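Please open the structure in your viewer and keep the selection panel at hand.

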2 protein chains.
Amino acid sequence: MGMKIITQIRQMQAESNKLRHQGKKIGFVPTMGALHEGHLSLIRQARLENDVVVMSIFVNPIQFGPEEDYQTYPRDFSRDEELAKDGGVEIIFYPAVEEMYPQELLTFVNVERLTDGLCGKFRPDHFRGVTTVVAKLFNIVKPHRTYFGQKDYQQAVVIKHMIEDLNFDIELVIVPIVRDSDGLALSSRNTYLSQKERASALVLSKSLQQAKELLDSGERHSKNVISRMNDLIKGEKLARVQYIEIVDSQTLEPVEIVEKEVLIALAVIIGKTRLIDNMVLKYN
Amino acid sequence: MGMKIITQIRQMQAESNKLRHQGKKIGFVPTMGALHEGHLSLIRQARLENDVVVMSIFVNPIQFGPEEDYQTYPRDFSRDEELAKDGGVEIIFYPAVEEMYPQELLTFVNVERLTDGLCGKFRPDHFRGVTTVVAKLFNIVKPHRTYFGQKDYQQAVVIKHMIEDLNFDIELVIVPIVRDSDGLALSSRNTYLSQKERASALVLSKSLQQAKELLDSGERHSKNVISRMNDLIKGEKLARVQYIEIVDSQTLEPVEIVEKEVLIALAVIIGKTRLIDNMVLKYN
């Protein structure tokens, strides 16, 4: 069958009901479009584990802050459509904003505490917007499994907790970060970078590599690791650190001594572009 | 088949998946047990419109305030089981508190504004507890239709908005209030009343009747109607008004002049028991 593009919620729900009735397993990849290899790796994983892959493309206004890039976020549906088709997506769910938010939205899904630190500290209503739209998408697409990138690690942990707390009958699969050959984590926002900025942006993955080497060589104090990462990034003129944190990989609480599985995560502003990256490491 | 009692979330989800796969329509009646004719009317309506009726019995701790009656709320599972069976319920979903809340709950579903007035003003986290548990139950029971009583009118409006906002693929059916022959609205909490208190409690439905007569005879000022209701209730020694409001039946915003569909709702404390009642009326 050819790839379907569905824009209406009712039609998507009917399609999913039909697929489920046929006993088909539905894998769901929610995206904001502007697809890159990171998204394609989610699609590949979803294809391996399900009968049908549904991808949503929706730039969700309620997860952007008033000063953020909702208006300028890259949108190129025909390119996305081509990539999705080549990647083996069966259905693109592509609703308009008015379809998703036809009346004043009064209902919000909020995950507490896990959204307080890291990106949540700098993007106050961001995660509430994410969990609310993902809850909506789960009820619309009705998947058996859903695929999120490790690139947005905090988001994945928050969604995992939402799934557990609200008993969504959905398995969450977290797929590793995809990087360019020089180490830069893929992001739709990389398209904002000038050539110079792109070179500077390598400092994120470099600082994570440096952190790993320090930890591998026996350092266990988060403070020291973070301080060395900060030093490295300070050397990069176009870069400004928003945060660097080392936290428990499950609770996202800061850890002083690295002694189990930790997440090292950072946000850096390169010119006007905010980039994030992270690494999960386990030591004893 | 005999009536099934399911206590495990996973088992309930598997059962619902199976029923849906068989093409069966599932009607869902969420309750806190202590069943009375009001609940039975929900079950009857659900039987008429679906292939299978699932009723949940769960006294939900997170919808009770710290000073409220969570501990003393009436529980009598064997009586409920009998009534459910006689009423034609196919499945009772009867989870333990630890099954519903196995880890610290961090995710809440909240409906704003509609929960600010009426009961929401006096029970601050109540509706958040209701919407959160109902979202969980929807994800567990996966019904096609769900049945709520008009007795908890604000709750029904809040759930309706949650269903719309979060795109639950579920039809909400609101079933009229069931009253004793003397007019008292049925409530599990009526069991708290002494004989004297029960007699006093008639003042709720009487005051609504009086309001209707005033409006039928041409009165249009909410203030005057509310004032007359207050006077009536003040005459009842054991009764203390918590609120009397006349609001738009959809938005729940107070109205000064009664000129379309309105909700007249009140909460009255009789001795130590808080009772509510309401009436929906339409004038031009």
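The model is predicted. Begin with the crossing of α9(A) and α10(A), which is right-handed. To display it, select residues 202-216 of chain A for helix α9 and residues 222-234 of chain A for helix α10. The two helices pack at an angle of about 145 degrees, and their axes lie 9 Å apart.

Next, show the side chains at this crossing. From α9(A), select A:Val203, A:Lys206, A:Ser207, A:Gln210, A:Ala211, A:Leu214 and A:Leu215. They meet A:Val225, A:Arg228, A:Met229, A:Leu232 and A:Ile233 of α10(A). Coloured by class, the contact of α9(A) with α10(A) comprises eight nonpolar, two polar and two charged residues.

Now move to chain B and its open sheet. Three strands, in the order β8-β9-β10, make up this sheet of chain B, with antiparallel pairing. Which strands are the edge strands? They are β8 (239-248) and β10 (273-282) of chain B, each of which pairs on one side only. On average, and with direction ignored, neighbouring strands of the sheet are turned by 15 degrees against each other.

The last stop is the contact between the two chains. Chain B contributes 24 residues and chain A contributes 24 residues. On the side of chain B that touches chain A, the elements that each supply at least two residues include α1 (9-21), β5 (107-111), α6 (126-141) and α7 (153-165) of chain B. Which element gives the most to this side? It is β5(B), with five residues. By class, the residues of this side of chain B divide into twelve nonpolar, seven polar and five charged.

Finally, display strand β5 of chain A, residues 107-111, together with β5(B). Five bridges join these strands, which run antiparallel. To locate one pair in this arrangement, select A:Phe108, whose bridge partner in β5(B) is B:Asn110.

Key. Residues are numbered from 1 along each chain as its sequence is written. Chains are lettered from A and ligands numbered from 1 in the order in which they are written. This is a predicted model: local features need pLDDT of at least 70, side-chain atom pairs count only at pLDDT 80 or more; totals for chains, interfaces and linings use all residues. Axes are lines fitted to C-alpha atoms, for helices over the stretch in contact, and angles run from 0 to 180 degrees between N-to-C directions. Helices (H or I, at least four residues) and strands (E, at least two) are DSSP runs, numbered from the N terminus. A crossing is left-handed if the near helix is turned anticlockwise from the far one by less than a right angle, and right-handed if clockwise. Two residues are in contact if their C-beta atoms, placed from the backbone, lie within 7 Å. Ala, Val, Leu, Ile, Met, Phe, Trp, Tyr, Cys and Pro count as nonpolar, Asp, Glu, Lys and Arg as charged, and the others, Gly among them, as polar. Two strands pair if DSSP finds at least two bridges between them.
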